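Thanks for coming. I will walk through one structure and keep to a few parts of it.

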Amino acid sequence: MRLNSPQINLIIKACTKASRSLIRDFGEIENLQVSSKGPGDFVTSADRRTEKILVEELLKAQPQYGIITEESGVINKSNTNNRWIIDPIDGTMNFMNGVPQFAISIGYEEDNQIKCGVIFNPILNELFCAEKGNGAYLNNTRIRVSNKKKIKDSLIVTGGPKGSSKIKKKIFSEYISVSNNVANVRKFGSAALDMAYVACGRFDGYWQRELNYWDIAAGMIILKEAGGFVDFFEEDNNLPLKKNILATNSNIHEALKELINKKVIE
Ligand code: 2AM
Ligand code: CA
C-alpha cells in the first residue's frame, strides 16, 4: 500500500488493536440472542469498549488532537485544526443481530478538510482506506468506483428511515422514485460500508438522510479518492454534524439527484 502519512498509520494501528475485542464481542452475540436478557446492554458496552481503545491509542500518539466520537462527543474541544472523527461500530443494529455487516470508521480532519480515513470490517477482514491525493485501497489493492453510466442499470444502496424519523413520508417517496428507475435498491445497514462499497464498485450510488458526521467522514475521502462524487442536500446550518448525503460513481450523479428530488408522495 502506498499510503504512508503518520495519521493513516495511526488509525490502522488503533483499528487493528480495537478489532480484537470487537471480534470477541461479536462472537458472544449469538449466545446472548437466545438469552432472555437479549444483547442490548452488551452491545452498548462493546461500543464503549471499542471506542475507549481507539481513543486511548490515538490520544497516546497525538495527545493534543481533537476527537469527535459517537459515544463520548467532543474531546480536546479547543483543537479544531486536527481532529479524529470516530464511529466505533457503524452498523450497530447489524452487530446486535449477529450480522457481520458493520465497521469501525475513522476519519482525520485538518483545518476542516478530511485528509484520510479508514473503514474496517473486522469480520470479513476488509480494510478500506484513503489519503488525500494518494488514492483509495481495499486491503492492498487500489480501488475505483464503477463505470456504470446508465441510472436504469445501476445498483443503488440507501439507509433509513430510523424509527423515530419525522420525515418518513419524504424518505419513502424518494425510495419509490429511485426504485422505479434503477436496476435495484439495497439496504445494508452501515453507512460507512455503503460508501466503501460504492468506492470499490460493488454499488453504483448511495443516498441517505439524517446521518451523523461520524457515519460518513471516512467514507467521504475513500469515495472521492476512488473517483466518486460526494454531495450533500438540504443542509441545516444549525446542525453542522447532521448530513443528508448523495454519493455516486459520478457518472450517475445528476440522474440520481433528479430522482431524489422528484416528489411521488405528497
Ligand atoms: P450506527 O450503526 O452507528 O448507529 C443505518 O441506516 C445507518 O445509519 C448506520 O450507519 C447507522 O449508524 C446510521 N444511523 C445513525 N443514526 C441512527 C439511528 N438513530 N438509528 C439507526 N441508524 C442510525
Ligand atoms: Ca454510525
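**Strands, a calcium site and a patch**

Let me start with a pairing: strand 11 and strand 13, which covers residues 242-248, run antiparallel to each other and are joined over six bridges. Before going further, please keep in mind that this is a predicted model.

Within that pairing, Asn212 sits opposite Lys242 of strand 13. With strand 9, residues 155-158, strand 11 pairs in the parallel sense, over three bridges. There, Val157 is the residue opposite Tyr206 of strand 11.

How many of the eight residues of strand 11 are buried? Seven of them are, so strand 11, residues 205-212, is mostly covered. Buried here means under 20% relative accessible area. As a general point for those new to strands, the side chains of a regular strand alternate between the two faces of the sheet.

Next, the metal. Which residues coordinate the calcium ion, ligand 2? Asp87, Asp90 and Asp215 do, each through OD, at 2.0 to 2.3 Å. Along the chain these donors follow the spacing D-x2-D-x124-D. Asp90 belongs to strand 3 (residues 82-90) and Asp215 to helix 6 (residues 213-225), so this pair links distant parts of the chain, 125 residues apart.

Are Asp90 and Asp215 buried or exposed? Asp90 has 5% relative accessibility, so Asp90 counts as buried. Asp215 is at 9% and therefore counts as buried too.

Phe172, Ile176, Val264 and Ile265 make a nonpolar surface patch of about 300 Å². Take Val264 from that list. Val264 lies in the segment after helix 7 (253-261). Its relative accessibility is 41%, which means that Val264 counts as partly exposed. The range for that label lies between the buried limit of 20% and the exposed limit of 50%.

Last, a residue in a helix. Asn9 is part of helix 1, residues 6-34. Asn9 is partly exposed because its relative accessibility is 41%. Leaving aside residues up to four places away in sequence, what does Asn9 touch? The contacts are Leu3 and Asn4. Asn9 can also be placed relative to Val118: the two are 109 residues apart in sequence, and their C-alpha atoms are 9.9 Å apart in space.

To recap two points: strand 11 pairs with strand 13 in the antiparallel sense, and with strand 9 in the parallel sense. The calcium ion (ligand 2) is coordinated by Asp87, Asp90 and Asp215. That is what I had.

Definitions and conventions:
Residues numbered from 1 in each chain as written. Chains lettered and ligands numbered in written order. Predicted model: local features only at pLDDT ≥ 70, side-chain atom pairs only at ≥ 80, totals over all residues. Heavy atoms only, no water. Donors = N, O, S within 2.8 Å, 3.2 Å for Na, K, Ca; no water. Helix = DSSP H or I, 4+ residues; strand = E, 2+ residues; numbered from the N terminus. Buried < 20%, exposed > 50% of the residue type's maximum accessible area, 1.4 Å probe, protein only. Patch = residues over 30% accessible without salt bridge, like charges linked within 9 Å, V, L, I, M, F, W, Y side chains within 5 Å. Areas by Shrake-Rupley, 256 points an atom, 1.4 Å probe, with all protein chains shown as cover. Salt bridge = Lys/Arg side-chain N within 4 Å of Asp/Glu carboxyl O. Pairing = 2+ DSSP bridges. Contact = heavy atoms within 4.5 Å.
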